[in-house]
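Visitor: Could you walk me through the structure shown here, taking one part at a time?

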Amino acid sequence: MSALWPHQQRGLDATFRAIESGEKRLCFTSPTGGGKSRCMFEMIDYAQRHDWPVVLYATRNMLIEQLMKSMDDYGIEYGVRASEMWEHENLDAKIQIASVPTERSRVFQRKTRNLHHAKLVLWDEAHMQKAATAEKIFKHHGDAGAVNIGL
């Protein structure tokens, strides 16, 4: 993996310091092309070093597919919790990529499963995660003690 850019390293250092000081609700920002996806994978690596389960919420199937490709490239075992991608479901994986609408249906409406027991929750495109279900999921993870990071 290539070295981080200085602004990425500063942002990650500040994020990890905030987590270690007990912060549970964080926002990680960077301009378009600033390497947020790379930083997201550094956060996943941080969680793996601490043996924390992770769930990453994405807003669209296209983004889920991009995240899956990146996880494959980084050699990260993961499961996908999205209705159109059942063939990638692996509920035992510590790292999950999830779709809010699928979680709404399966967790809250049909009650066929629980939310992932994540300690680190990453919200890709957080500015688009405004639905009532996203807020409910955010609160559930927060109440369970997880760190929620919007990107």
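Visitor: Which residue stands opposite I149 in β6?

Guide: It is L26 that stands opposite I149 in β6, where strands are DSSP runs (E, at least two residues) and helices are DSSP runs (H or I, at least four), numbered from the N terminus. This is a predicted model, in which local features need pLDDT of at least 70, side-chain atom pairs count only at pLDDT 80 or more, and totals for chains, interfaces and linings use all residues. Residues are numbered from 1 along each chain as its sequence is written, and side-chain values use heavy atoms, with hydrogens and water left out.

Visitor: And how many bridges join β1 and β6?

Guide: Strand β1 (residues 25–27) pairs with β6 in the parallel sense over three bridges, and pairing requires that DSSP finds at least two bridges between the strands.

Visitor: What about β5, how many bridges join it to β6?

Guide: Four bridges join strand β5 (residues 120–123) to β6, and these two strands run parallel, with L120 opposite V147 in β6.

Visitor: Are the β6 residues buried or exposed?

Guide: In β6 (residues 147–150), V147 and I149 point one way while N148 and G150 point the other, and all are buried, which means under 20% relative accessible area, against over 50% for exposed and in between for partly exposed (1.4 Å probe, protein chains only).

Visitor: Why do they point in two directions?

Guide: Because in a regular strand the side chains alternate between the two faces of the sheet.
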